[in-house]
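Morning, everyone. I have one structure to show today. Let me put it up.

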Amino acid sequence: MTQAPSDAGRDCGSGWQQQLAEGIRDPLRLLRAAGVPRDALAFVLPVHRTWPCLVTPYYLALARGGWPEDPILRQCVPAPEEAAAGTEAHTDPLAEERDSPVPHLVHRYPDRVLLLVTGRCAVHCRHCLRKRRWGEPALADDSGALERALAYIAATTTIREVILSGGDPLVLPDDTVADLLGRVRAIPHIEVIRIGTRLPVVLPQRITPELCAILDRCGPIWLATHFNHPWELTSAAETAVERLLRAAVPVVNQTVLLRGVNDSAATLRRLFRGLLRLRVKPYCLYHGDPVRGTMHLRTGTVPGLDLLRELQDSMSGLAVPHFALDLPDGGGKVRLEPDRCDATRRRRDATPADAPLRYRGFRGTDHTYPEP
Ligand SMILES: *Cc1c(COP(=O)(O)O)cnc(C)c1O
Ligand code: SF4
């Protein structure tokens, strides 16, 4: 990894902390900066009271268009529609609280757990799945809860992977990150640590050489980040990713399919090709969960599948993520695939020999496939 002189390193460290501290929390300031007309304020201010706004100056500066169409502003400026809670919407649709054996830990799948290390983020993404936890205190500040969570992981030997999530784990200072990683790494059956963070997108200055040295030391670590739009692929983001890769931290991306932000094949293609060029693997495209305050950003799974088919048929397989939704009530994630198999032939009484299945290829032509 590249070594910066220690003074430059210190400058870099205070740079991100200052950006974090300068996050715009004042709704009037944000709405003015985003060009929201005065007559919309009456609709937006009540939303801010339920789900407060917060955005880094860096991220806000990526906006190029006007509110409410701009894809950056749609992700960080409260929208009047957030107040219109759909009847299907929940604050915790995935029932994470139910799969939580001890506070701050979600253990749903046999081999991996989510450790929710903080409720803080650098930006309050309007589509956030865990809006309900914004601003919750950091697990790292509650030593009793941290001990209980680590004791659960240490006692449950089926767990191979710990996913640090939140909130955003990387808003925590370096020494806290190092301490958490060290404590998890000390558990013998933990093979892999994954960090879920949006900071390469909203505060790439956070990915300092010092942080990367910590990650390098505590590996194997995978980092899952959250780019949603090609305008987020800046040279600062590129530098952040480059540093992570040089510290032997593979970077994967989780995109949320968002209406009016990235729900077109052209936009997703630019995003995923851009990520691939940075050597970030597009891992997953999530359909929006039915979370209260985010319903206006959801697209529907059928349009999502149409987009996926178009991407699969037109670009490098490396650049195409899988498409998934998370079932309500803790049912778990389900991967969706466009149906390319001729369903009318799939009669229950038909054997493969008398009714060979037909598949539709990327050219749109149908082909039978010989079964053994
Ligand atoms: C999404 C999720 C994971 C990680 O799932 P992967 O398929 O490994 O990316 C783990 N635990 C919970 C509770 C999740 O929601
Ligand atoms: S960074 Fe992640 S956890 Fe934080 S507000 Fe955005 S989506 Fe939610």
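I'll take the ligand site, then the backbone. Keep in mind that this is a predicted model.

Start with ligand 1. What residues are around ligand 1? Val106, Arg108, Tyr109, Arg112 and Leu114 are there, along with Ile163, Arg194, Tyr283, Asp326 and Lys333. By class, that shell splits into five nonpolar and five charged residues, with no polar ones.

Now the polar contacts. Arg112 places a polar side-chain atom 2.7 Å from an oxygen atom of ligand 1. For Arg194, a polar side-chain atom sits 2.8 Å from a ligand 1 oxygen. Lys333 also has a polar side-chain atom 2.8 Å from an oxygen of ligand 1. How much of ligand 1 does the protein cover? On its own, ligand 1 has 390 Å² of accessible area, and the protein covers 87% of that.

Next, the backbone. Two cis peptide bonds to show. One joins Trp67 and Pro68, with omega about 5°. Pro68 is in the loop between helix H4 (57–60) and helix H5 (71–76). Another runs from Gly219 to Pro220, omega near 0°. Pro220 lies in the loop between helix H9 (209–217) and strand E5 (221–225).

Then positive phi. His104 is not a glycine, yet its phi is about 75°. Find His104 in the loop between H5 and strand E1 (105–106). Is His104 buried or exposed? His104 counts as buried, because its relative accessibility is 16%, under the 20% cut-off. Arg279, also a residue other than glycine, has a positive phi near 70°. Arg279 is in the loop between helix H11 (265–277) and strand E7 (281–287).

That's my tour. Thanks.

Methods. Residues are numbered from 1 along each chain as its sequence is written. Chains are lettered from A and ligands numbered from 1 in the order in which they are written. This is a predicted model: local features need pLDDT of at least 70, side-chain atom pairs count only at pLDDT 80 or more; totals for chains, interfaces and linings use all residues. Side-chain values use heavy atoms; hydrogens and water are left out. Helices (H or I, at least four residues) and strands (E, at least two) are DSSP runs, numbered from the N terminus. Buried means under 20% relative accessible area, exposed over 50%, partly exposed in between (1.4 Å probe, protein chains only). A residue is near a molecule or strand if one of its heavy atoms lies within 4 Å of it. A polar contact is a pair of N or O atoms within 3.5 Å; within protein, one must be able to donate a hydrogen and the other to accept it, and residues adjacent in sequence count only if both atoms are side-chain atoms. Accessible areas come from the Shrake-Rupley method with a 1.4 Å probe; for residues, only the protein chains shown count as cover. Ala, Val, Leu, Ile, Met, Phe, Trp, Tyr, Cys and Pro count as nonpolar, Asp, Glu, Lys and Arg as charged, and the others, Gly among them, as polar.
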